[in-house]
Amino acid sequence: MAKTIIVTGGSRGIGAGIVKLLAEENNNIVLNYNKSEEKAKKIQKECTDLGKNVEIFKADVTKREEVKKLVEFTIQKYKKIDVLINNAGISQSKLFTEVTDEEWRYVIDNNLTSVFYMSQEVVPHMIQQQSGCIINISSIWGMVGSSCESVYSVSKAGVDGLTKALAKELGPSHIRVNSIAPGLIDTQMNQDLSEEVLEEIKEETPLGKIGTPEDIAKCVKWLIEDEFTTGQIISINGGWVII
Ligand code: NAP
């Protein structure tokens, strides 16, 4: 049966890859975007041209009121939410000693508070249904830390902590909560990395390549279908980081 799935930050990169794969599977997708309206519309058209069901909804997930509207829209349209994919996020590269209060809050708001808001608005519906699946897109840097990305690493470690805690709290309501922690994925987030750096990372990676949004989307699809995995941090990284 078609599942109703919210994908935050579905307008570009990993989120867009997730939207396309899950739409292909004949699910009802609500693609959330914030700034990239044209890109969101283009993905929606690509999917609807194939007869698939994708709605788009603008909401800044750092704002509680906009998150509420996104969830209300989904419930009004489909009466239920089966899957929440907390994918929206931003990166920041800076020496720790130069991070300002505003920059700290900005990264935490976008990467962690957004997951808190989205999950808190969606979970009551899942508890009522006594079923649900939440997938948080964190990062390898939340697992092992990244030099000059201290706030980003903290925000993603926070996401993984929330994943584990919610898995325990919501398991009895048949709601599974997992994180996917990607390694380097070819998206706009990494557009500033030089060819030289990309080649170095490929050489350090046992599978010898950079990941794609489709690599992450395939894991999302598997986690939705699975029935006995919860509270896990699954790192899709070509073996770049093995712990
Ligand atoms: P991306 O290409 O830069 O896309 C980021 C997406 O997040 C966009 O769709 C953007 O939407 C959305 N977004 C950002 N802030 C938002 C907000 N406040 N409200 C709503 N949407 C917001 O990045 P990506 O590489 O696909 O990253 C997706 C996720 O994977 C992020 O959480 C990132 O931290 C994580 N990740 C990425 C990598 C990687 O190597 N690429 C590695 C590990 C983890 P608009 O453009 O519409 O504003």
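Me: What counts as a helix or a strand here?
Reply: Both are DSSP runs, numbered from the N terminus: a helix is H or I with at least four residues, and a strand is E with at least two. The model is predicted, so local features need pLDDT of at least 70, side-chain atom pairs count only at pLDDT 80 or more, and totals for chains, interfaces and linings use all residues. Residues are numbered from 1 along each chain as its sequence is written, and side-chain values use heavy atoms, leaving out hydrogens and water.

Me: Where is Lys79 found, and why is Lys79 called exposed?
Reply: Lys79 belongs to the loop between α3 (64-78) and β4 (83-86). Exposed means over 50% relative accessible area, buried under 20%, and partly exposed in between (1.4 Å probe, protein chains only). Lys79 has 65%, and is therefore exposed. Although Lys79 is not a glycine, its phi is positive, at about 70°.

Me: What makes Cys148 partly exposed?
Reply: The relative accessible area of Cys148 is 36%, so Cys148 is partly exposed. Cys148 is located in the loop between α5 (140-144) and α6 (150-170), and its phi, near 65°, is positive in a residue other than glycine.

Me: Why is Asn136 called buried?
Reply: Asn136 has a relative accessible area of 1%, and is therefore buried. This residue is part of strand β5 (residues 132-137). Contact means heavy atoms within 4.5 Å; not counting residues up to four places away in sequence, Asn136 touches several residues, including Asn86, Val115 and Ile180.

Me: How do you know that Lys39 is partly exposed?
Reply: Lys39, in helix α2 (residues 37-49), has a relative accessible area of 40%, and so is partly exposed.
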